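Here is a friendly walk through how the parts of one chain pack together. Take a look at the sequence and the model first, and then we can go through the domains and the helices.

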Amino acid sequence: MDNRNQPVLVVGAGPVGMVAALALRSLGLPATVIEAELEGRFREGSRAIYIHKATLTLLEEVSPGLGHTLAKNGVIWPVKRTLYRGKEVYVRKYQPPTPGELPAFTSLAQVEIEKHLYQACKDAGVRFVWGAPIASVRSGADGVALTAQSGETWNAEYVIAADGARSAVRREVGIEMEGPRSQDYFLVVDVKEDEADPMPLERTFHYSHPEMDGRNVLLVPFKGGWRVDLQLLEGDDAEAFGGVDGVRKWLPKVMDPKYADRVTWVSTYQFYQVVAKSFADAKRRVLLAGEAAHLFAPFGARGLNSGVPDAILAARGIRRALDAADEGAREEAIAAAAEERRTAALHNRDAAGIALEHIQGSSPYMNMKRELAASLCSVVPKLGRWLDEGPYGPKQGSSKVSTKY
Ligand SMILES: Cc1cc2nc3c(=O)[nH]c(=O)nc-3n(C[C@H](O)[C@H](O)[C@H](O)COP(=O)(O)OP(=O)(O)OC[C@H]3O[C@@H](n4cnc5c(N)ncnc54)[C@H](O)[C@@H]3O)c2cc1C
């Protein structure tokens, strides 16, 4: 590969970097992805399991067939339930998706999503450079120079930085993140399904699970497994609940005890709610996308679902910049893409914050609101829906892409 004079380079072969590469190819541009780790690396945990229809639709646009492939390889639960102290306060049953159409969502482990993205990238002629952690970035009037830890250098007119939460590219171009971190700890656990005797496919949220001394528990199916989120209370010892041994002690209280021997991943989080101060560098040569640009609490599944439109808008902005008649139009194309996705990120951060407050807020007002909703929902059904929707925050278009492009 010619390391010089590339129109655009992508840093990071996570899901967002791969979507950026697919979007570039769909716009007739060559795409090279530079990744720190080696090909075939192990990526743990289910992480981004819930993919919205809007995201599947965008993936169809940049790689026809990909949205349907993800839908086919995921699961779609026909029922969701919400319980309050063990009493059902909301249930909703869905019609099966219309054959041939994209479903409202699909649920599969992020590693599986990445496998399909990687295959689509290979089919689209994306080039990958593995084992090349970028250590230095110089952005100037004519383009960007990227240097890996090995000393190898690449030059491009533009860079899409999709190198994740600890983005070296973001650090190198001097963009800061701003925002708070959640107070409480959350445990995220994956368990493998017993395919011979599976649980019914139902997403279930428990406010104040009676067997868990009032802690909230969320059970979400994904293809081949279950994700169990436990919200710890203030003063809980996260270590006592965490680790495979800690989880085995409490998991039988919320699922069939057989799942205690099927734990595949345990992780403890305090969630960040941060957004980059700018999604483009001062020279308008580098665009941030995905977790390089924002981190949200996962309630509402806004991470990857907003990383996908970040990547696609970055590619479209770069296409416009490459075609621009003059420097002003070039800068404007990059700035517009950056600003649009930063506005979306701020909106998503607020929505995830509302979701966090809904489930963890302990003010007398919030406690009373939840109690009242739970006790009145049999006569006012919309209160049950409020309890059900709360953990996801207000409905909004995290995947929305502007029609300007
Ligand atoms: C518990 C949990 C649950 C979640 N659930 C959901 C969900 O249901 N739906 C949803 O939409 N999102 C969800 N998310 C968020 C989702 O996982 C992230 O948004 C997604 O992984 C971000 O992808 P990314 O490509 O931006 O970053 P990453 O996946 O982190 O990829 C970054 C890539 O860059 C590489 N890299 C890093 N540094 C360098 C460097 N210096 N040079 C070159 N390469 C580098 C890394 O090796 C990596 O391959 C969840 C997250 C968590 C933690």
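A salt bridge here is a side-chain nitrogen of Lys or Arg within 4 Å of a carboxyl oxygen of Asp or Glu. By that criterion, the count between domain 1 and domain 2 is zero salt bridges. Please keep in mind that this is a predicted model.

**The two domains**

Domain 1 is made of the segments 6–49, 109–180 and 273–356, while domain 2 covers 186–269. Their C-alpha centres are 32 Å apart. Where they meet, eight residues of domain 1 are in contact with seven residues of domain 2. The size of an interface is often given as the accessible area lost when the parts come together. For this pair of domains, the buried area is about 730 Å², and carbon and sulfur atoms give 69% of it. On the domain 1 side, Ser 46, Ile 49 and Phe 299 supply 54% of the area that this domain buries against domain 2, more than any other three residues.

**Two helix pairs that share H8**

Two packed helices are described by the angle between their axes and the distance between the axes. Helix H8 spans residues 303–322, and its packing with H1 (residues 15–26) and with H2 (residues 53–62) can be set out like this:

| Pair | Axis distance | Angle | Crossing |
|---|---|---|---|
| H1 and H8 | within 8 Å | roughly 35 degrees | right-handed |
| H2 and H8 | 9 Å | about 30 degrees | left-handed |

Which residues make the contact of H1 with H8? From H1 come Pro 15, Val 16, Val 19, Ala 20, Ala 23 and Leu 24, and from H8 come Leu 304, Gly 307, Val 308, Ala 311, Ile 312 and Ala 315. By class, this contact of H1 with H8 has 11 nonpolar residues, one polar residue and no charged ones.

In the contact of H2 with H8, helix H2 contributes Thr 55, Leu 58, Leu 59, Glu 61 and Val 62, and H8 contributes Asn 305, Val 308, Pro 309, Ile 312 and Arg 316. The residues of this contact of H2 with H8 divide into six nonpolar, two polar and two charged. Val 308 and Ile 312 of H8 take part in the contact with H1 and also in the contact with H2.

Definitions and conventions:
Residues are numbered from 1 along each chain as its sequence is written. This is a predicted model: local features need pLDDT of at least 70, side-chain atom pairs count only at pLDDT 80 or more; totals for chains, interfaces and linings use all residues. Side-chain values use heavy atoms; hydrogens and water are left out. Axes are lines fitted to C-alpha atoms, for helices over the stretch in contact, and angles run from 0 to 180 degrees between N-to-C directions. Helices (H or I, at least four residues) and strands (E, at least two) are DSSP runs, numbered from the N terminus. A crossing is left-handed if the near helix is turned anticlockwise from the far one by less than a right angle, and right-handed if clockwise. Contact means heavy atoms within 4.5 Å. Ala, Val, Leu, Ile, Met, Phe, Trp, Tyr, Cys and Pro count as nonpolar, Asp, Glu, Lys and Arg as charged, and the others, Gly among them, as polar. Domain bounds come from an automatic or database domain assignment. Buried area is the accessible area (1.4 Å probe) that two parts lose on being put together, summed over both.
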